[in-house]
Amino acid sequence: MIIAVYPGTFDPIHLGHLDIIVRAAGLFDVLVVGVAHSPAKRPLFSPEERVEMIREATSGLTGVRVEAFEDLTVAFARRCGARVIVKGLRATMDFDAEMKMAMMNRRLAPEVETLFLPTSPSLAYLSSTLIKEVARLGGDVSELVPSGVLERLRGKVHR
């Protein structure tokens, strides 16, 4: 059985994230979506809220689990029994940063491979930061996030 983890802040999860989750779930026996606490990023949603939103959004997928973690991604991967860390890429900027992390993870846990999956081109511009900004300014993000996320997002940014 091959287990993979897909780590991220997911604040909030959007359709670009779901694109990676659906595709990665088809490649592995188990995909664990790891919700990083990331207090330095000052997330809008608590880890518990993010886990709940992702569970709702992935409820129809087989072999997908969602868990929060507070430590190194490789430590989380080891606890999950994962041999692979899945990382989504949108653009070259992502590649540079993700490659550095992959090399550090390789040094810390040589038994865990990193797999880069490019986001589908129609979703490559999405980021949680951009979605939050558009929502805060009253823009429509209804076609960019799952419906359960949309309601929660509106409740958090309602002015």
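1. Contact here means heavy atoms within 4.5 Å. Leaving aside neighbours within four places in sequence, S127 is in contact with H14 and R90. The residue sits in the loop between β5 (113-118) and α5. S127 has a relative accessible area of 17% and therefore counts as buried, the term being used for values under 20%, with exposed for those over 50% and partly exposed in between (1.4 Å probe, protein chains only).

2. Basis of the note. The model is predicted: local features need pLDDT of at least 70 and side-chain atom pairs count only at pLDDT 80 or more, whereas totals for chains, interfaces and linings use all residues. Residues are numbered from 1 along each chain as its sequence is written, and side-chain values use heavy atoms, with hydrogens and water left out.

3. Overall fold. The protein contains six helices and five strands; these are DSSP runs numbered from the N terminus, helices being H or I of at least four residues and strands E of at least two. Read from the N terminus, the order of elements is β-α-β-α-β-α-β-α-β-α-α. Along the principal axes, the C-alpha atoms fill a box of roughly 50 × 30 × 30 Å. The radius of gyration is 15 Å, which agrees with the value near 15 Å for a compact globule of 159 residues; it is taken over C-alpha atoms, and the globule rule is 2.2 Å times the number of residues to the power 0.38.

4. Burial and contact range. Buried residues account for 45% of the 159 residues in the protein. Of the contacts between residues at least 6 apart in sequence, 73% join residues at least 24 apart.

5. Strands β2 (residues 30-36) and β3 (residues 64-69) run parallel and are joined by six bridges; two strands pair if DSSP finds at least two bridges between them. The chain passes from β2 through helix α2 (residues 47-57) to β3 in a right-handed β-α-β crossover.

6. Helix α1. Eight of the eleven residues of α1 (residues 15-25) are buried, so the helix is mostly covered. The buried residues are G16, H17, L18, D19, I20, I21, A24 and A25.

7. Nonpolar cores. A nonpolar core is a set of buried Ala, Val, Leu, Ile, Met, Phe, Trp, Tyr and Cys residues joined through side-chain atoms within 4.5 Å. The largest has 33 residues, and I13, I21, L31 and V86 have the most contacts inside it. Two or more residues come from each of β1 (3-8), α1, β2, α2, β3, β4 (84-89), α5 (128-136) and α6 (147-157). Helix α1 gives the most to this core, with five residues. Apart from it lies another core, of 14 residues, among them I3, V5, V74 and I85.

8. Surroundings of I13. Not counting residues up to four places away in sequence, I13 touches L18, I21, M53, I54, V145, P146 and V149.

9. The structure holds twelve salt bridges, each a side-chain nitrogen of Lys or Arg within 4 Å of a carboxyl oxygen of Asp or Glu. One of them joins D11 and K132 at 2.8 Å, N to O. This pair links distant parts of the chain: D11 lies in the loop between β1 and α1, and K132 in helix α5, 121 residues apart. Both partners are covered: D11 is buried at 4% relative accessibility, and K132 is buried at 10%.

10. Other charged pairs. Within helix α1, R23 and D19 lie four residues apart, about one turn of the helix, and form a salt bridge whose closest N and O atoms are 3.0 Å apart. R23 is partly exposed at 31% relative accessibility, whereas D19 is buried at 13%. R90 and D94 also meet in a salt bridge (2.9 Å, N to O); R90 is partly exposed at 38%, while D94 is buried at 14%.

How values were computed
Right-handed = clockwise from strand over helix to strand, strands pointing away.
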